[in-house]
Amino acid sequence: MGELIHLGDRWALPYRGMEVTQVRVDNALTLLLDGGAVIAIEADAELSTPDGPVRLRPGRQRVAEALALFGAKLTWEIIFKNGELHLGFSNGYHLTVEPDAKHEAWSATGPGELRVVCAPGGEITSWGRT
């Protein structure tokens, strides 16, 4: 449960069914999950909503639409080998974070000691487990 699940050309995070209990905004958009996990998004991202896609810019605090994720449960969470993170939510929203050439685009921590980071350029680094 507390480690990356290898799926051939991608990985899955062990967050399925976890609920977003807090949405925080500073230099990152951070989603706190009820299973003891945290997803921090520092790069621009696209949030697909029922009304169409919205560009989120955490570094500029342009993330208001992400408040709709509060209370939603994760239905799938995929990391592609190029560093893209895709999150699906029970309310029908979908969040995509692409890698950044110069900065960490996103990180996921927990449950337990699990930590996954999208390093500059899209390299995925992971360590730890529950």
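Trainee: What makes Val20, Leu31, Leu69, Ala72, Lys73, Leu74, Thr75 and Leu95 residues that Phe89 touches?

Mentor: Each of these has heavy atoms within 4.5 Å of Phe89, which is what contact means here. Residues up to four places away in sequence are not counted. This is a predicted model, where local features need pLDDT of at least 70, side-chain atom pairs count only at pLDDT 80 or more, and totals for chains, interfaces and linings use all residues. Residues are numbered from 1 along each chain as its sequence is written, and side-chain values use heavy atoms, with hydrogens and water left out.

Trainee: Which residues have the most contacts inside the largest nonpolar core?

Mentor: Phe89 is among them, along with Tyr15, Ile39 and Trp106, in a core of 37 residues. A nonpolar core is a set of buried Ala, Val, Leu, Ile, Met, Phe, Trp, Tyr and Cys residues joined through side-chain atoms within 4.5 Å. Buried means under 20% relative accessible area, exposed over 50%, and partly exposed in between (1.4 Å probe, protein chains only).

Trainee: Why is Asp9 with Arg10 called a salt bridge?

Mentor: The rule asks for a side-chain nitrogen of Lys or Arg within 4 Å of a carboxyl oxygen of Asp or Glu. For Asp9 and Arg10 the closest N and O atoms are 2.9 Å apart, so the pair qualifies. Asp9, at 44% relative accessible area, is partly exposed, and so is Arg10 at 29%.

Trainee: How many salt bridges does this rule give?

Mentor: The count comes to 2. Arg57 and Asp44 also form one, with the closest N and O atoms 3.4 Å apart. Arg57 lies in the loop between β7 and β8 and Asp44 in the loop between β5 and β6, so the pair ties together parts that are 13 residues apart in sequence.

Trainee: How do you know that β4 and β5 pair?

Mentor: Two strands pair if DSSP finds at least two bridges between them, and 4 bridges join β4 to β5, running antiparallel. Strands are DSSP runs of E, at least two residues, numbered from the N terminus. Leu29 stands opposite Ile41. The two strands form a hairpin with 4 residues between them, and Gly36 in the turn has a positive phi of about 85°.

Trainee: What makes β3 and β13 edge strands?

Mentor: The open sheet has 6 strands in the order β3-β4-β5-β11-β12-β13, with antiparallel pairing. β3 and β13 each have a single partner strand, so one side of each is left without a neighbour in the sheet.
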